[in-house]
Amino acid sequence: MPIPEDVTGFEIDADVRQELKSLPKTLADDVARNLVMVARLLDSEPEEAYQYSRVALRLASRVAAVREAAGFASYMTQRYSEALTEFRAARRMTGRADLWPVMADCERGLGRPERALAMAGEPEVKQLDKAGQVEMRLVSAGARTDMEQFDAAVVTLQSPELASSSVQPWTARLRYAYAEALIAAGRADEARDWFAKAAEADTEGSTNAAERLAEIDGVEFTDALDPELAEETAEQAEAPAKKRAGEVTDDRVIFEDEEDVEEFYDEDDLEIDEDFDGVVPARESKDAEKAEKADKAEGTDQV
């Protein structure tokens, strides 16, 4: 996989660089550069990130940071079985429990929500920090939803973190998940308030709470960058301008034949002279017109 020249490998975290010191310098640099590419592309181009993670994995499969990066790249591309294997390997190497929630979510991805729920009750959960515990709660609620236990999912998310008014990195996602759980449980009125709270806390756009709120309120969003919409708007704006300028616009009425004319006008309004040859007779002078009227009057008197 090609790597841009500006990627040096020193962009990665210091603790990862420390792990790579167990490798020969040239190899460590190659692995580091591939890990940088994984981090750069993980959100925007996960499939490419996955390819770079496989290169790093071939070069240094005994480095925990490499196994973890490969796990996340597999997870983001929905290769849940591979991801679970890599996460388990990284956990064995480090003894840390911070990967426990994402491992449980892999079980959900594999269609085993009951295993994810079982993991929520394991001692490893107590080793998690606050962010990890919230993440585990989100996974557990998701597993309940997978099993169509909607009311239980709502209860699972009810916690001091949800009730807190302070905004933490997990606040928007927790409120959003609670709103979705309420929707699934048939409590849409309550859900609207929580979508609003989620949107208020979501300053980084990690959820689509604002769109969900607008959907409930019946507000329709339009994409201002949509070229078709822009063209339609421009045409609508040009039409009044053409009329003001005296141009003929496409909304004029065009009659195809005589029948159309007869339909448009009442019979009393229009008589069609079938013998009309298209030649307009010359207008008679005023004197000739007066003479003709006089002759008609004289003839009437004689009668």
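This is a predicted model: local features need pLDDT of at least 70, side-chain atom pairs count only at pLDDT 80 or more; totals for chains, interfaces and linings use all residues.
Let me begin with a definition: a residue counts as buried when its relative accessible area is under 20%, as exposed when that area is over 50%, and as partly exposed in between, using a 1.4 Å probe and protein chains only. By that rule, buried residues make up 32% of the 303 residues in the chain.

Residues are numbered from 1 along each chain as its sequence is written, and side-chain values use heavy atoms, with hydrogens and water left out.

The chain contains 16 helices and 0 strands, where helices (H or I, at least four residues) and strands (E, at least two) are DSSP runs numbered from the N terminus. If we take contact to mean heavy atoms within 4.5 Å, then among contacts between residues at least 6 apart in sequence, 49% join residues at least 24 apart.

Let us now look at one pair of helices. Two packed helices are described by the angle between their axes and the distance between the axes. How do the axes of helix α8 and helix α9 cross? The axes of α8 (residues 130-146) and α9 (residues 150-157) come within 8 Å and cross at roughly 170°, the axes being lines fitted to C-alpha atoms, for helices over the stretch in contact, with angles from 0 to 180 degrees between N-to-C directions. The two helices α8 and α9 are therefore roughly antiparallel to each other, given that angles under 35 degrees count as roughly parallel, over 145 as roughly antiparallel, 65 to 115 as roughly perpendicular and the rest as oblique. On the α8 side the contact includes Arg137, Leu138 and Ala141, and on the α9 side the residues include Phe150, Ala153 and Leu157.

In the loop between α8 and α9 sits glutamate 148, whose phi is near 60°, a positive value in a residue other than glycine. Most residues other than glycine have a negative phi. Glutamate 148 counts as exposed, at 62% relative accessibility. Glutamine 78, in the loop between α4 (64-76) and α5, also has a positive phi, of about 65°, although it is not a glycine, and at 58% relative accessibility glutamine 78 counts as exposed.

My last topic is charge. Side chains of opposite charge can pair when their charged atoms come close. A salt bridge here is a side-chain nitrogen of Lys or Arg within 4 Å of a carboxyl oxygen of Asp or Glu, and by this rule the count comes to 19 salt bridges.

One of them joins arginine 108 to aspartate 146, with the closest N and O atoms 2.7 Å apart. Arginine 108 lies in helix α6 (residues 100-109) and aspartate 146 in helix α8, so this pair ties together parts that are 38 residues apart in sequence. Arginine 108 is partly exposed, with a relative accessible area of 25%, and aspartate 146 is partly exposed at 38%.

Another salt bridge links arginine 54 with glutamate 82, where the closest N and O atoms are 3.6 Å apart. Because arginine 54 belongs to helix α3 (residues 46-59) and glutamate 82 to helix α5 (residues 80-94), the pair ties together parts that are 28 residues apart in sequence. Finally, Arg17, Lys25 and Asp29 are linked in a network of salt bridges.
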